[in-house]
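Student: I would like to go through the labels attached to this model and see what each one rests on. Please set every value against its cut-off.

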Amino acid sequence: MTAVAQPAGNIEPILKRSSSRAFPDAVLFYGVFGLLLFGPLAFGAVEPWAIFILEAGSALLFMLWVVRQAFSSTLQVTASPLFAPMLAFGILVLFQVGLGLTAYRFATLSHARLYAAYGLLCFLVVQVLRRTWQIQILVWGFSIFGSGVALFALIQALSPNGKLYWLRTPRLGGWIYGPYVNHNHYAGLMEMLLPIPLVFVFTRYGSGFRKGLAALSAALMASTIFLSGSRGGMLAFTAQMTLFVALLLRQKKTGRMVLLLGMFLVLAIGLLAWLGGGELVERIASIHSETRTELSGAMRVNIDRDAVKMFEHKPILGWGLGTFAEVYPQFRNFYTDFFVDQAHNDYLQLLVETGVLGFATMLWFLITVYRRASRKLKNWTVDTNGAIGLAAMLGVTGILVHGLLDFNLQIPANAALFYVLCALAALEPRFGLTRRSNHKPGRS
């Protein structure tokens, strides 16, 4: 074998091009996931200033990606099967606005911008997430972030004063937990984050100490779902664990897997009992009782019935994206002091606002997510792609179950994270693949 020396003058331009690509790629990577972490800390990104940052930030990052492509020698765009249903949904909303089919044009345009931001974040994730080290950063980043938010929620619950961060009084009141006005939306965030460290515990990656930290992180997040008092969150977590157990039983080392899961549940229950077992018992006992801080079960049923009537009036294209709050008073059949601006059921709200066509697009989107994710699950304990698909799918499942009772997908921070998890679940295998060298001994 002979080594061929490369002139320094030929290597330098290559290094410069590599460096010029690395910096914008890093900005895109950290920018996208920085926005995802920003949303929950900004009260769920429900206020105009936070929504503006989410929308403007995603637009600026997309412009940076376009500029990077313009200065690149080759145009590199990675497709995703989710782009087709996303585009179809966008066209549907354009029809609502363009043909004057929306009940309130301003609300539909505002929500269209927000959904465009979700779409841009998903697009950028598909383009920039290409290296296994990026996945490692995300796993520990989301785990540390989720644990930090959970710890903050616990500390705030020990010394509450009815204000967000002990400083900000909610304009319309609420059941504060963590950085969210509504405890159900805090639970929704934890449902999406906790599968990330949980799945890591069952993979071959990381040492025993790191897996212990990951298990503690997942247990802490899981315990705060129950301590938050969110009944929808409790139901969603149960559904997630049921799905996870079903997948564990398909693995070869079933006994070891079940033992690990049992240890995790014991740790979570221990934390739950230590941190606030009495409050949990009271909350479960109050499932059929009325509360002053949230809608009762009977009121939710009434809203659902009203929403069905709304759908019957405009079944094809709906009343317009984001118009539920404006249209609902015409159909409300009961008296309440609560301001009802959401359907408290994400499926019914989508059906009311976008009709059968919008709902069918959503089904197309979700079927694609689960189909693509399930193809990667065969060896998820030893394959990074399968582990990502499973963690993302569990997070998506939690929100979909919770969506039967609440409106997490109407909260920008939670919706943005949800759609990014969908994009991660549907990614083609691209991480940790074995690299086979074509270089054989004896050949130069």
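Student: What makes R113 and E55 a salt bridge?

Tutor: A salt bridge is a side-chain nitrogen of Lys or Arg within 4 Å of a carboxyl oxygen of Asp or Glu. In this predicted model, the side chains of R113 and E55 meet at 3.8 Å, N to O, so the pair qualifies under the 4 Å limit. R113 lies in helix α4 and E55 in helix α2, so the bridge ties together parts that are 58 residues apart in sequence. Helices here are DSSP runs (H or I, at least four residues; strands are E, at least two), numbered from the N terminus.

Student: Why is E55 called buried, and what is R113 called?

Tutor: Buried means under 20% relative accessible area, exposed over 50%, and partly exposed in between (1.4 Å probe, protein chains only). E55 has 16%, so the word for E55 is buried. R113 has 46%, so R113 is partly exposed.

Student: How many salt bridges are there by this rule, and what rules apply to the model?

Tutor: The count is four. As the model is predicted, local features need pLDDT of at least 70 and side-chain atom pairs count only at pLDDT 80 or more, while totals for chains, interfaces and linings use all residues. Residues are numbered from 1 along each chain as its sequence is written, and side-chain values use heavy atoms, with hydrogens and water left out.

Student: What does T108 contact?

Tutor: Contact means heavy atoms within 4.5 Å. T108 lies in helix α4 and is buried, with a relative accessible area of 0%. Leaving aside neighbours within four places in sequence, its contacts include V93, Q96, G320, L321 and T323.

Student: Why is L99 called exposed, and where is L99 located?

Tutor: L99 has 55% relative accessibility, so L99 counts as exposed. L99 is in the loop between α3 (83-98) and α4 (105-128).

Student: Where is confidence lowest and where is it highest?

Tutor: The value used is pLDDT, the predictor's confidence in each residue, from 0 to 100. Helix α10 (residues 254-285) is lowest, at a mean of 66, and helix α15 (residues 412-425) is highest, at 98. Over residues 11-17 the pLDDT is below 50, and beyond near neighbours in sequence that stretch has one contact in the model. The protein averages 86, and 84% of the residues score at least 70.
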